[in-house]
Amino acid sequence: MHVILAQPRGFCAGVVRAIEIVDRALERYGAPVYVRHEIVHNKAVVGGLRARGAVFVEALAEVPPQAVTIFSAHGVARAVEADARARDLRVLNATCPLVAKVHIQGRQYAAAGRVVILIGHAGHPEVEGTMGQIDGRVLLVQDEADVDALDLPATTPVAYITQTTLSVDDTRAVIAALQRRFPDLVGPDVRDICYATQNRQRAVRDLCRQVDVLLVVGAANSSNSNRLREIGSEIGIPSYLLADGSELDPAWVAGAATVGITAGASAPEAMVEHVIAALRTLGPVEVSTMDGLEEHVEFKLPPELAGRAA
């Protein structure tokens, strides 16, 4: 079996930053530190940090007063920020800078008097955080049918923003539907979708031209990982999402000469290696990496964590 690895794949700069914030907080302040929601959507990462003393909670009511508290990479609503201040929590904000950029865009559009439409997936923590960061009316749409169902006059001044981990093609289609309905529409270019999301989606498209089966390493609740699997399926390649090698079904790769592997932006490379090891139990495996973009993006840490603890 020939295994081809996508390039780029796996961790993005926002995920690296978020994990490092928890790492350094544990170094500097000691355990426990509290993290609201999974820092990133990956059980292996969360489990490793939990073993070192990170406590993951879904509500700030679970956090003792004045405790070190970290907001996840997905961002939080202003009400959560206010609750943290009221509880006198020592907050470190691991919100991805590209998510924070969407928050700023949405607030600017709302301040200009526009109804803000967020393109995203209901219930996703990034969507909940973004909607809670914007004053004024924010409407969520997931697809073109939702756009058609909007109860807004065509003359309404409208602006759109997007969840950062969507499929570029799907987002483009929803934007086109908004353009058909609302002549007075403004919004960012589709290129403003997270650079890492776009790069990984582009790499998967290239990879699918070379393989019989696509394996996407990532969590079931990872939006960007699910989009990668969906892209493979849309192209016509049997595509499967798995957290690690323990979830590999031999039937998926039976008879496949070439298997492509990619990883979502919150999946560590160790999980990719775990999947390759599982494939090796089925027979000889030759591994190569496709030509692709090398990412060199880095995001700054919060100032209080910028230097290592002594």
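Predicted model: local features only at pLDDT ≥ 70, side-chain atom pairs only at ≥ 80, totals over all residues.
Two strands are said to pair if DSSP finds at least two bridges between them. Strands themselves (E, at least two residues) and helices (H or I, at least four residues) are DSSP runs, numbered from the N terminus.

Residues are numbered from 1 along each chain as its sequence is written, and side-chain values use heavy atoms, with hydrogens and water left out.

I begin with β2 and β3, which run parallel and are joined by four bridges. Across them, R36 stands opposite V57 in β3. Both strands belong to an open sheet of four strands in the order β3-β2-β4-β5, with parallel pairing. Its edge strands, β3 and β5 (90–93), each pair on one side only. Helix α1 packs on this sheet and touches β2, β3, β4 and β5, where contact means heavy atoms within 4.5 Å. The direction of α1 makes about 150° with that of β5; axes are lines fitted to C-alpha atoms, for helices over the stretch in contact, and angles run from 0 to 180 degrees between N-to-C directions.

What lies in the largest nonpolar core? A nonpolar core is a set of buried Ala, Val, Leu, Ile, Met, Phe, Trp, Tyr and Cys residues joined through side-chain atoms within 4.5 Å. Buried means under 20% relative accessible area, exposed over 50%, and partly exposed in between (1.4 Å probe, protein chains only). The largest core has 29 residues, and V22, V33, I39, V40 and I70 have the most contacts inside it. The largest share, eight residues, comes from α1. Not counting residues up to four places away in sequence, V22 touches V33, V35, I39, L49, A54 and I70. A second, separate core of 21 residues includes L5, L215, A256 and I276.

L215 brings us to strand β10. Is this strand, residues 213–217, mostly covered or uncovered? Five of its five residues are buried, so by the definition each has under 20% relative accessible area. V213, L215 and V217 point one way from β10, whereas L214 and V216 point the other way. β10 pairs in the parallel sense with β12 (residues 258–263) over five bridges, and V213 stands opposite V259 in β12. With β11, β10 pairs in the parallel sense over four bridges; here L215 stands opposite Y240. Thank you.
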